Amino acid sequence: MLHKRFIVALALMFGVGILSACSIQAVNASAPTETAARAVASAAEAMPACTGKAEATVSNAEGPYYKSGAPERTVLVEPGMSGTRLLLTGQVLTTDCRPVAGAVLDFWQANDRGEYDNTGYTLRGKQFADEMGRYRLETIVPGRYPGRTLHIHVKVSAPGGSVLTTQIYFEGEPGNESDGLIRPSLIVPLTDAASGGKAATFNFALSPN
Ligand code: FE
């Protein structure tokens, strides 16, 4: 009997010890410095966290309107261009969450009437991710065209790596329900930007070569 009580007491002490250790870790993890907290908050606002492992971004149809040779630029909006301004930002990462510095992002999209420029390079642009894999695209919210919901096309590649061709879609669009190409993991919220217009964030996760 005494032996059993001793074992129970030992088990209780051991359990409390583990719980204490866990709660200390939890407190430490949730109490960063003020500066770190601000950095974490702004990063969280800017883009979803990638910690440990991310699912590779799925590929999606290229469609018939890709043109190589787009100019290098981050601003696709031109003077007098109609449409709602859209700031699209994010990061190019590997599936183990490492930034892909120098990744190439080649965007193309329809104008607000759902038309592509197939003779020139309007609303087409190529850019390089910075040392943290970040990109920034100033464009407009694309228009719908028959059979398709709102979407932006992009080709993303790591230096020397293979090319991911995919599309970015926007949450809450009525056309999403009937679009045959849309994939849930490619849909991002379209929020109101502080500077007016809309904003969206999409992070790419590239599989290792
Ligand atoms: Fe398209």
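This is a predicted model: local features need pLDDT of at least 70, side-chain atom pairs count only at pLDDT 80 or more; totals for chains, interfaces and linings use all residues.
## Burial and the iron site

A residue counts as buried when its relative accessible area is under 20%. Tyrosine 145 has a relative accessibility of 15%, so it is buried.

The iron ion is coordinated by four side-chain atoms: Tyr116 (OH), Tyr145 (OH), His151 (NE2) and His153 (NE2). These donors lie at 1.9 to 2.1 Å. Along the chain, the donors of the iron ion are spaced as Y-x28-Y-x5-H-x1-H.

What arrangement do the 4 donor atoms around the iron ion form? The angles they subtend run from 91 to 154°, and the arrangement is therefore irregular. A tetrahedral site would need all angles between 85 and 135 degrees.

Strand S1 covers residues 85-94. Of its 10 residues, 8 are buried, so S1 is largely enclosed by the rest of the structure.

S1 pairs with strand S4 (residues 134-140) in the antiparallel sense, over 7 bridges. Within this pairing, leucine 87 has glutamate 138 of S4 as its bridge partner.

Two further pairings of S1 are parallel. Strand S9 (residues 198-201) is joined to S1 by 4 bridges and runs parallel to it; here threonine 89 stands opposite threonine 201. Strand S10 (residues 204-206) pairs with S1 in the parallel sense over 3 bridges, and leucine 206 of S10 is the bridge partner of threonine 94.

## Two residues with positive phi

Most residues other than glycine have a negative phi. Cysteine 97 has a positive phi of about 70°, although it is not a glycine. Where is cysteine 97 found? Cysteine 97 belongs to the loop between strand S1 (85-94) and strand S2 (104-108). With 17% relative accessibility, cysteine 97 counts as buried.

Leucine 123 also has a positive phi, near 60°, and is a residue other than glycine. Leucine 123 is found in the loop between S2 and strand S3 (124-128). Is leucine 123 buried or exposed? Its relative accessible area is 1%, so leucine 123 is buried.

Methods
Residues are numbered from 1 along each chain as its sequence is written. Side-chain values use heavy atoms; hydrogens and water are left out. Buried means under 20% relative accessible area, exposed over 50%, partly exposed in between (1.4 Å probe, protein chains only). Two strands pair if DSSP finds at least two bridges between them. Donors are N, O and S atoms within 2.8 Å of the metal (3.2 Å for Na, K and Ca); water is not among the atoms, so sites may look incomplete. Four donors count as tetrahedral if all angles lie between 85 and 135 degrees; four count as square planar and six as octahedral if opposite donors are over 155 degrees apart and all others between 65 and 115; anything else is irregular.
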